[in-house]
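Okay, thanks everyone, let me get the model up on the screen. I'd like to walk through a few packing contacts and then some strand pairing.

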Amino acid sequence: MASADIETGYVGSVEQSSPGIYKIVPAKHPWRIVGTVVAAAIIGITIHSILTNPKWGWAVFAEYFFSEPVLVGLSRTLWLTLLASVIGFFIGGLLAFARVSKSTLLSSLAWAYIWLLRSIPLIVLLLVLNNLGYLYPTLNIGVPFTDILFAQYSMTSVLSVFAVAVIGLSLNQAAFSAEIIRGGILAIDQGQQEAAAALGLSWRRQALNIILPQAMRAIIPSGFNEIIGLAKATSIVYVLALPELFYTVQVIYKRNLEVIPLLMVATVWYLIIMSVLSLVQVGIERYFAKGATRDGRTSALDNVLKFVTGDATGRAINAVRTNPVERTREAGPAREGGRIEIRHVAKHFDAFHALDNVSLTVEPGEVVAIIGPSGAGKSTLLRTINHLERADQGYVAIDEELIGYERRGNLLYELKDRAIRKRRAGVGMVFQNFNLFPHLTVVENIIEAPIAVQGVPRLEAVAQALELLARVGLSDKAEAYPRHLSGGQQQRVAIARALALKPKVLLFDEPTSALDPELVGEVLDVIKELATSGTTLVIVTHEIGFAREVADKVVFMEDGRILEVGGPARLFSDASHARTREFLAKVL
Ligand code: ADP
Ligand code: MG
């Protein structure tokens with residue numbers, strides 16, 4: 001302080017007069033003032049000229065603005081925009097999911113559609129569709145390649161000009177929206193899909209409840225760009241002589257020659273449409289920002305939806321809190337079974353062997369810690385246990401049930417997705433990066449899988465979720481969004497989420513590696529408590545002290561192989577393998 005006094009002179013004197021209280025003098029921005037004046041002048045001149053120049057013809061404008069043909073044209077424009085957006089985005093959504101699907105045929109078909117429709121100018125597409133009656137005079141409904149015919153229509157009677165316009169605009173829109181939606185899907189962290197798969201959610205449920213709502217944040221801005229573009233592009237259907245807004249004003253000004261006033265009629269209506277769309281966009285964006293922003297404000301649309309459809313989860317939470325329900329399901333993991341048998345499992349990525357003939361047996365209720373250097377294959381092994389990763393050789397069985405396969409004789413038949421998901425529900429997984437669903441509240445995260453996969457009634461699922469939250473010490477966070485929790489709290493929610501499916505086996509992949517040192521303890525305490533509950537736990541961890549305390553068995557892995565298995569007391573003090581001793585010397 002003394003040096004500041006000498007250098008600046010006045011700091012000390014202010015402190016003396018009113019200690020700690022300083023008056024803030026805002027910075028001056030003279031150029032900003034100049035800019036404002038110039039802008040105001042430009043606006044003033046423009047408005048003045050528009051209002052005083054008689055050639056704008058505002059009287060004619062007023063005469064036609066609400067005239068019947070204009071309103072009819074306007075309503076056609078609005079219908080075209082609405083139908084083409086809804087149909088276009090629906091088909092676009094299907095195309096986008098087809099593009100990212102694992103089926104090569106589906107994704108190539110979608111790619112080809114997008115390529116074709118993006119290449120054909122819209123105006124050409126519309127004219128070709130309009131001449132479909134020339135190519136195919138009749139529309140036949142029957143069995144292809146036979147003479148069986150149920151109905152026959154004339155193409156021109158089925159395809160009105162309006163229908164041609166809607167179909168053309170929709171098909172065109174679908175190709176562009178597909179890519180926008182695909183961009184949104186690609187922006188979602190892979191961990192989200194993995195967490196959803198590990199919970200056993202169906203493909204459809206993953207897409208609609210987990211991926212799309214998050215992707216919407218990226219989709220909405222460019223999506224609305226498209227819709228606004230579409231609203232304007234509807235004017236192109238004038239080539240079909242369909243009297244929408246633009247064609248209507250053209251018809252009128254060709255008759256009365258008041259070109260500018262009538263163009264202004266169309267322009268102002270377009271301005272109004274676009275302004276409304278922009279407002280709608282703001283509302284929808286806010287809605288999909290749920291849980292994504294630091295502030296916990298709820299959006300207007302969210303409130304409206306809750307008012308219309310009711311907030312089932314919120315009501316269930318209140319009901320459970322005020323009036324504990326009778327439940328048939330106990331909270332927490334299943335207490336029976338959980339024997340894991342890993343036999344000769346091998347997994348390679350191209351030429352690289354991530355797992356090399358790994359065998360291990362974990363008894364029911366046992367706690368196994370897997371340690372080893374980075375890249376040893378620990379995560380890969382854990383992921384093969386619940387079939388998130390498909391082994392190239394060997395198998396994993398839990399209580400004699402093969403995860404992912406059915407054995408008949410000497411052959412392993414891979415199961416269908418649905419069957420795999422069912423078996424997976426018996427295996428809970430907790431990830432290093434938590435992978436909570438950010439757009440769902442804590443309780444919604446926990447009840448998602450019990451409701452969707454196991455068909456638990458909502459009230460019961462919520463009651464169980466609240467019980468689990470109490471168990472991990474987070475009763476007061478039931479309705480918070482994950483982003484509003486600390487890392488340690490998020491990981492405890494992730495553990496509660498895994499427990500909600502009552503798994504026989506729980507897998508932890510470095511559950512504390514993403515946490516600040518001071519938060520590690522709270523998560524380890526929860527796991528320690530689980531270790532005494534009789535659930536089988538397999539934990540990949542670098543917390544040697546923790547492993548020593550809770551593990552029944554410690555596994556040391558390196559280069560895709562298990563080098564050593566033993567009780568913690570022996571392995572940590574007297575490892576038989578030189579590599580184990582070397583590794584322990586580094587981490588202990
Ligand atoms: P750990 O969890 O022990 O650090 P991992 O099981 O994650 O190791 O990975 C084992 C090895 O397999 C690493 O060398 C890693 O680079 C490689 N690997 C893992 N997943 C993939 C993948 N999807 N594609 C290619 N290589 C992979
Ligand atoms: Mg790992």
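So, here's one to start with: are α7 and α10 parallel, antiparallel, perpendicular or oblique to each other? Keep in mind while you look that this is a predicted model.

Helix α7, residues 122-130, packs with helix α10, residues 161-186, at an angle of about 140°, and their axes are 9 Å apart. Antiparallel would need an angle over 145, so α7 and α10 count as oblique. As for handedness, α7 and α10 make a right-handed crossing.

Who's touching whom? On the α7 side you've got Leu122, Leu125, Leu126, Leu129 and Asn130. Facing them from α10 are Val164, Ala165, Ile167, Gly168, Leu169 and Asn172. Sorted by class, that contact between α7 and α10 has eight nonpolar residues, three polar ones and no charged ones.

From α5, the contact uses Pro69, Val70, Gly73, Leu74 and Thr77, and α13 brings in Leu245, Thr248 and Ile252. The class count for α5 with α13 is five nonpolar, three polar and, again, no charged residues.

Now on to strands. There's an open sheet of four, and if you read across it the order goes β4-β3-β6-β7, with antiparallel pairing. At the edges sit β4, 352-362, and β7, 401-402, each of them pairing on one side only. Zooming in on β3, residues 340-349: β3 pairs with β4 over seven bridges, in the antiparallel sense.

Last stop, a hairpin. Strands β13, residues 553-558, and β14, residues 561-566, run antiparallel and are joined by five bridges. Here Val554 stands opposite Gly566 in β14. How many residues lie between the strands of this hairpin? Two, and in that hairpin Asp559 takes a positive phi near 50°.

Notes
Residues numbered from 1 in each chain as written. Chains lettered and ligands numbered in written order. Predicted model: local features only at pLDDT ≥ 70, side-chain atom pairs only at ≥ 80, totals over all residues. Heavy atoms only, no water. Axes fitted to C-alpha atoms, helices over the stretch in contact; angles between N-to-C directions. Parallel < 35°, antiparallel > 145°, perpendicular 65-115°, else oblique. Left-handed = near helix turned anticlockwise from the far one by under 90°. Contact = heavy atoms within 4.5 Å. Nonpolar A, V, L, I, M, F, W, Y, C, P; charged D, E, K, R; others polar. Pairing = 2+ DSSP bridges.
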